[in-house]
Every structure is written in structure tokens, then in C-alpha cells.
Amino acid sequence: MDNHNHNHNHHGHIHENKKPELTTPLASADVEYTCPMHPQIRQKGPGNCPICGMTLEPVTPTLSIEEDNTEYLDMKRRFWVATGLSVPLVFVTMGGRHLIHSRGFLEAMPWVELLLATPVVVWGGWPFYVKFWQSIKNKSLNMFTLIGLGVAVAYIYSLIAVLIPEVFPESFKDPMTGEVGLYFEAASVIVTLVLLGQVLELKARGQTSAAIKSLLGLAPKTARKVMPDGSDVDVPLDEIHVGDKIRVRPGEKIPVDGLVLSGSSSVDESMVSGEPVPVEKTQGAKVVGATINGTGTLLMQAEKVGKDTLLSQIVQMVAEAQRSRAPIQKLVDHVSAYFVPAVILVAVLTFVIWSIWGVEPKLAHAVINAVAVLIIACPCALGLATPMSIMVATGRGATMGVLFRNAEAIELMRKVDTLVVDKTGTLTVGKPKLVTVIALGEHSENVLLSLSSGLEILSEHPLAAAIVSGAKEKNIEISAAQDFNSVTGKGALAQVAGYQVAIGNKALMEEVSVKLGDSEARADQLREDGQTVMYVAIDGKLAGLLGVSDPIKDSTLPAIKALRDAGIKVIMMTGDNKKTAASVAKKVGLDDYFADVLPQGKADLVKKLQSEGSFVGMAGDGINDAPALAQAQVGIAMGTGTDVAMNSAGVTLIKGDLTGIVRARGLSEATLKNIRQNLFFAFVYNSLGVPVAAGILYPLFGILLSPIFAAAAMALSSVSVIVNSLMLKRARIK
């Protein structure tokens with residue numbers, strides 16, 4: 001709700017973007033901070049934005065800067081104290097005093113109100129007066145300008161009414177009690193509601209940086225460096241330099257990007273590639289920092305360290321994309337940019353006109369009418385209009401399996417016209433599964449599977465697990481094997497139940513001189529269907545083919561049809577090969593697909609689509625999707641995927657199927673309609689009330705609007721907004 005004027009050009013604060021460092025702690029005074037709404041603001045050390053008053057945040061988060069949530073905790077404390085004091089205050093002023101029969105207590109009531117309201121207004125609202133003063137000083141009027149003025153005037157007016165009531169004319173004394181109306185509760189309630197808005201906003205912003213924090217947390221803290229004398233020493237990661245030799249034991253994370261010097265192992269690179277199948281690594285292979293080593297030990301040489309590693313670059317991309325997205329200029333701020341000066345002007349004119357041409361006592365009437373104008377125009381309901389709808393929508397979304405990370409995601413979701421989806425884990429299940437068993441020799445399919453699973457149960461290869469679980473699913477007995485021998489990059493051999501069995505690719509079959517005959521054509525057909533094919537030879541003869549693939553989710557086809565019916569173009573991006581990608585694209589009926597795409601390439605593709613004028617939603621589930629999720633106008637994470645994906649995305653689908661996107665879009669449309677209605681309610685009372693408060697009806701009808709009615713109208717607009725927002729709970733969402 002802060003005022004985002006993008007046309008300010010601020011000098012003296014602009015520096016180049018720096019790459020994130022995974023290094024030693026920094027004093028936060030040396031860290032560069034920026035405003036999420038106005039990225040052109042740059043300064044050393046924390047502070048507030050001179051344009052909109054928002055708290056600044058670090059340009060590139062690092063694990064070493066402790067997250068500074070002092071402001072969040074401070075606002076939260078102020079909010080709870082303000083609530084505790086405002087509730088009894090509102091109770092007393094809204095009719096609770098009729099329950100009190102002690103005359104002495106009733107006479108002291110104004111002082112009780114003053115006592116309850118003062119801490120709320122003075123202490124609770126203090127940060128707003130600071131921002132109010134900054135908005136005046138920087139000549140950029142925003143929400144804090146109106147709040148500061150409205151609260152200060154209502155409070156000071158009431159304070160004068162308690163201390164020196166005799167300055168007020170008779171027409172402003174309640175004919176029943178002979179007292180001047182007090183607005184302590186109006187001032188307190190405004191402060192309390194604005195504090196609530198600030199608490200919610202700061203909480204949401206704290207979660208944004210969690211994505212980057214969890215990415216940075218993937219890197220191991222230490223590495224096992226091999227010394228010139230051959231001994232191993234554990235050293236902190238920042239002491240590793242290019243060219244150092246590092247030993248990586250089974251199950252450990254690879255510390256930096258580099259080259260394998262010796263050893264062999266399979267490495268889980270799903271954090272980078274998103275593909276579920278671990279990759280075989282032998283001498284000469286490249287490895288990536290923060291990926292997880294499997295069962296072998298590797299000796300590697302560091303090639304890229306610190307900010308040059310792939311992980312650091314992904315972190316940098318996510319940080320940049322999160323900021324580069326221009327926030328929608330909220331309708332509210334746009335209006336308050338004109339509304340604030342207009343209201344102040346009307347209040348000043350009211351004062352001037354009444355003090356010159358008004359009825360006696362002129363000055364008292366002038367002050368009172370100016371106050372009535374400010375109070376009825378105070379944007380209390382305006383402050384509720386968006387957050388209330390958003391709170392209801394987020395709650396409603398959660399019951400439908402759709403989590404929105406912020407208001408912006410709800411607002412943008414309905415504009416998406418191009419949806420980019422990742423294949424593995426989004427369209428497909430994300431786990432390899434045995435789908436084809438073809439017997440080609442004298443052995444039956446069951447025997448073939450029994451012997452194959454006997455060999456594969458000894459193998460570390462990821463596809464081996466799919467064959468073993470395939471046999472278990474069919475209740476086939478797994479034969480016992482011995483003399484197991486793995487041939488890196490080709491397959492494996494073993495003695496199983498008295499047979500010599502070999503399973504692997506074409507290269508292995510050539511090595512054990514098994515003729516493939518016309519089985520290659522069959523294998524190609526399976527590959528076109530998106531399967532990975534392995535040959536099985538028994539006693540030197542080809543005995544059959546095994547096909548493993550990643551099956552398509554049941555929910556994928558209906559979801560894609562619904563999305564395309566809604567006029568959304570669906571495009572698939574995958575790190576997988578072209579044949580598999582083409583087969584999946586054809587099966588599910590996509591508009592287009594891109595294969596062999598690297599993580600950095602995903603974000604670039606999203607940029608390319610955006611430059612062609614598409615409004616892009618990106619759905620993915622892996623760390624490798626994080627930069628693209630952050631780059632897209634709306635990032636949609638599958639709840640079955642990684643935390644990093646969820647933190648980079650504006651929307652998370654809990655069940656991880658695409659039908660959630662259809663629901664999210666419907667909810668987005670309903671919410672925006674609701675916000676517009678709220679803004680109408682927020683403005684209609686104010687706009688109609690301002691001329692009446694200014695005394696426009698006085699010459700004709702002798703009607704003046706007492707600030708009591710002004711405060712009531714203000715409360716009424718808030719009630720209308722709250723009631724209308726709650727209607728969203730029951731709105732029909734297609």
C-alpha cells in the first residue's frame with residue numbers, strides 16, 4: 001500500500017549490482033540495501049525508502065547477514081499493545097458507557113479515553129509520524145501523509161476538547177450531554193489497523209528472501225582438501241581455491257564445481273537438472289557444487305569457487321529476478337497520490353472560507369469543519385480494501401490446494417496467457433518406472449524379469465531400482481546372483497541362477513559380442529515413446545528388452561485441456577532429450593516444447609517469451625526451475641517439489657497437479673473483482689462525505705456534519721469493506 005511513483009530518478013544512491021558472496025560475515029553497514037518497490041534507491045546499510053517509506057532490504061542476500069527482523073517484531077509489539085488498548089476504548093465509546101451507573105466514573109470518562117488513546121496514538125503510531133515527516137520532506141505524498149494528518153488532527157482536536165472544552169461553539173456540543181464529541185477511538189483504531197497492515201506486509205517480505213536463504217544453505221560448509229603429502233584436512237569452503245584437490249566420500253555433498261581426477265560414482269544432480277535419475281561420474285567428468293555424491297568416492301579438482309559456482313549464479317539470478325519485476329502500481333496508491341493533496345486542499349479551503357464568511361464563532365467552526373473533512377476522508381477503509389480481500393482469498397485458496405505467496409501473485413495470475421511447464425515432476429510423476437518387458441528368446445517375460453532383477457538388485461544404478469521394484473510389483477521372485485561386475489557407462493554382468501546375464505546399452509552388447517539383429521528397430525520405437533531401453537543377454541544370446549520411463553500424471557491431460565480452453569498457450573521445457581520430449585508433448589497435446597534446456601536456459605526462454613509480449617506463468621518443481629520461476633510474471637511451484645522452488649514462486653499447488661492452475665486463475669479473477677468493489681465502498685463514503693463535511697449544505701439547509709458523523713461514516717465504510725471481503729468465501733470459482 002505504499003506509494004510507488006516510478007518516475008522519480010534518484011541520484012547518489014545508484015551502484016552496480018554485485019554478485020552474491022558465499023563468504024565471511026559482513027557488518028550490515030557495508031552491505032548495499034535497496035527498496036523492493038523502487039529498485040533505483042541504493043544505499044549502504046539499512047533504512048527507509050525516501051519515496052514510499054518502505055523498509056529497505058539487502059541487494060544480494062547472503063547467509064552471513066543475519067536477517068534483520070527487528071522492524072517486524074517492533075511493529076508486532078506495537079500492534080498488540082495498540083489492540084489491547086483500543087478494544088476497551090471502542091467498547092466504551094460505542095455504547096459501553098450505558099452499562100456504567102457511577103456518576104463520578106462517567107464524569108471522568110473523557111480522561112479515561114485520553115489515557116487509553118495516548119499510548120496508542122503517540123507510541124503505537126510513532127513510526128508513521130516519522131514516515132509522514134519524510135513524505136513531506138521528500139515531497140512524495142503517500143499513505144503515511146494522510147494517516148499522519150488524520151490521526152494527529154483527530155487526536156489533537158480531542159485533546160483540546162478534554163483540556164479546554166470552552167473553545168468549542170454550542171452547535172458542537174451534544175444537546176443531551178452538553179459535551180464536545182471526542183475522536184480518541186477514531187485515532188486509535190486507525191493506528192491499530194495500519195499497524196496490522198504493516199505486520200502482514202513485513203511478514204510476507206521476510207518469506208521472499210527464504211528462497212535465496214535455502215539455496216545458499218545447499219552448499220556444504222566445509223570441504224575435505226587433499227594436502228601435497230596426501231593427507232586429508234577439513235577446511236572451510238572459502239579456503240578452497242581453484243586447482244585444489246578435494247576428496248568427496250559417499251553420501252557427501254560436492255563442495256564446488258570441478259573435474260573428477262579419479263574414482264567413480266553416481267551423483268544426484270536433481271538440484272541442478274531437476275531430472276530424477278542420478279548421473280554416472282568417472283575420470284574427466286564435470287561435477288557441480290552442492291550436488292550429492294552417491295556410493296563411490298571421488299577425487300576432484302576445484303575449477304570454480306565462491307561466486308563463480310553454478311549454485312551462486314542461480315542464487316544471483318533468483319535475487320535479480322525477484323527485484324526486476326516491477327510491482328503493479330496499486331490502484332490505491334495511484335489514487336492516494338491525487339486523493340491526499342486534494343483532501344488536504346479541501347480541508348484548508350474549508351478552514352479559510354469558514355474563518356472569513358462563516359457564522360460566529362468563525363474560527364471554531366473553521367477548525368471543526370476542517371477536522372470533519374480530514375476525518376471523513378481518512379483512508380481507513382482504503383487501508384483495508386486490498387488486505388482484507390487478499391486475506392480471505394489466501395485462506396480460500398489454501399482450502400482449494402492453492403497457496404499464494406503474496407498479493408501480487410493473486411493479482412497477476414488472471415493475466416497469464418502463456419504457461420511454461422517443466423516435464424519431470426510437473427507433467428510426469430518424476431520417478432522412473434519399469435513400463436515394458438519384451439522377451440525375444442526362449443525365456444518367458446517372467447523368467448527374464450526374475451533374472452534381470454537378480455542382477456540389478458546388486459547394482460547402484462538408478463534405473464536398476466525401477467527394474468527391481470517392477471519385479472516386486474508383479475510378485476516375481478528375485479533370483480540370487482554372484483560375480484557381479486559393473487561396466488561404467490555401459491551396464492552390468494553377473495552369474496544369476498546358473499545363467500550368465502548381461503544388462504545394459506548397445507555398447508555393452510558389443511563388448512560381450514551379442515548380436516542385436518532386428519531388435520534395434522523395436523528399441524527405437526520404445527525410445528520414441530519416451531522410454532530408456534536396456535538390452536538383456538542370457539548366456540551370450542539376446543533374450544529381451546526392458547523399457548523404463550517416467551509416467552505421465554493422471555491429472556495432466558484434463559488440466560491441459562482446461563487451460564487451453566481458457567485460451568492459455570501451454571509450452572513444455574525440459575532438460576530431457578528431444579525424442580522423449582516430443583513423445584510427451586504429443587501425448588498430452590501441448591502447443592510447443594523445448595528439449596535439452598539447461599537451468600540458466602529456462603530463465604532465458606521465459607525472458608524471450610516475455611519480450612515477444614507474452615504474459616508468462618511458469619510451473620516447475622526443482623531447484624533448477626527457481627531462476628525461471630522468479631523470472632516469470634507468475635511462478636507456480638508444484639507442492640511435491642523442493643522448498644526452493646516453492647519460495648521462488650508466487651503460487652504453490654499443494655497437490656502438485658496442473659488442475660490447481662485452473663482454480664488459481666478463477667480465484668484470482670474473483671479476488672480482483674472483490675478488491676474493486678471494496679475500493680468503491682472505501683471511496684464512495686469519503687467522496688460524498690467530504691463536500692458535506694466542508695459545509696456545502698449549510699447555506700441552503702443549515703446542515704453541518706459533526707465529526708461524530710464523519711467518524712461514523714468512516715466506520716461504516718470499513719464495515720462495508722469487511723462484509724464485502726467475507727463474501728469472497730462463498731464466491732463461485734470455476
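Q: Is valine 348 buried, exposed or partly exposed?
A: Valine 348 is partly exposed, with a relative accessible area of 46%. Since this is a predicted model, that value is computed from predicted coordinates.

Q: Why does 46% count as partly exposed for valine 348?
A: Because buried means under 20% relative accessible area and exposed means over 50%, with partly exposed in between. Valine 348 has 46%.

Q: Where does valine 348 sit?
A: Valine 348 lies in helix 9, which covers residues 331–357.

Q: Which nonpolar patch on the surface includes Val348?
A: The patch is formed by Leu345, Val348, Leu349, Phe351, Val352, Ile353, Ile356, Trp357 and Val367. Together they have about 840 Å² of accessible area.

Q: Which helix gives the largest share of the nonpolar patch?
A: That's helix 9, with eight residues.

Q: New topic! How many salt bridges does the structure hold?
A: There are 18 salt bridges in the structure. One of them joins the side chains of lysine 225 and aspartate 244, at 3.5 Å from N to O. This pair links distant parts of the chain, 19 residues apart. Lysine 225 is in strand 4, while aspartate 244 is in the loop between strand 5 and strand 6.

Q: Are lysine 225 and aspartate 244 buried or exposed?
A: Lysine 225 is buried, at 18% relative accessible area. Aspartate 244 also counts as buried, at 14%.

Q: Which residue forms a salt bridge with aspartate 232?
A: Arginine 247 does, and the closest N and O atoms are 2.8 Å apart. Aspartate 232 belongs to strand 5 and arginine 247 to strand 6, so the pair links parts of the chain 15 residues apart. Aspartate 232 is partly exposed at 33%, and arginine 247 is partly exposed at 26%.

Q: What about lysine 506, which residue does its side chain meet in a salt bridge?
A: Lysine 506 meets glutamate 520, at 3.0 Å from N to O. Here lysine 506 is in helix 16 and glutamate 520 is in helix 17, 14 residues apart. Lysine 506 is partly exposed at 37%, and glutamate 520 is partly exposed at 30%.

Q: Which residues does arginine 522 touch?
A: Leaving out residues up to four places away in sequence, arginine 522 touches Ile438, Leu440 and Leu545. Arginine 522 is found in helix 17 too, but arginine 522 is partly exposed, at 37%. Isoleucine 438 is 84 residues from arginine 522 along the chain, with their C-alpha atoms separated by 9.5 Å.

Q: Why do side chains go both ways in a regular strand?
A: In a regular strand the side chains alternate between the two faces of the sheet.

Q: Which strand pairs with strand 23 and includes valine 421?
A: Strand 14 pairs with strand 23 in the parallel sense, over four bridges. The bridge partner of valine 421 is alanine 619. Strand 24 also pairs with strand 23 in the parallel sense, again over four bridges. There, glycine 617 stands opposite valine 634.

Q: Last one: how many residues does helix 4 have?
A: Helix 4 has 12 residues and reaches 17 Å from its first C-alpha to its last, close to the 16 Å expected. Its buried residues are Pro127, Phe128, Tyr129, Lys131, Phe132 and Ser135. Lysine 139 follows helix 4, and its phi is positive, near 55°.

Technical notes: Residues numbered from 1 in each chain as written. Predicted model: local features only at pLDDT ≥ 70, side-chain atom pairs only at ≥ 80, totals over all residues. Heavy atoms only, no water. Pairing = 2+ DSSP bridges. Helix = DSSP H or I, 4+ residues; strand = E, 2+ residues; numbered from the N terminus. Expected span 1.5 Å × (residues − 1). Buried < 20%, exposed > 50% of the residue type's maximum accessible area, 1.4 Å probe, protein only. Patch = residues over 30% accessible without salt bridge, like charges linked within 9 Å, V, L, I, M, F, W, Y side chains within 5 Å. Areas by Shrake-Rupley, 256 points an atom, 1.4 Å probe, with all protein chains shown as cover. Salt bridge = Lys/Arg side-chain N within 4 Å of Asp/Glu carboxyl O. Contact = heavy atoms within 4.5 Å.
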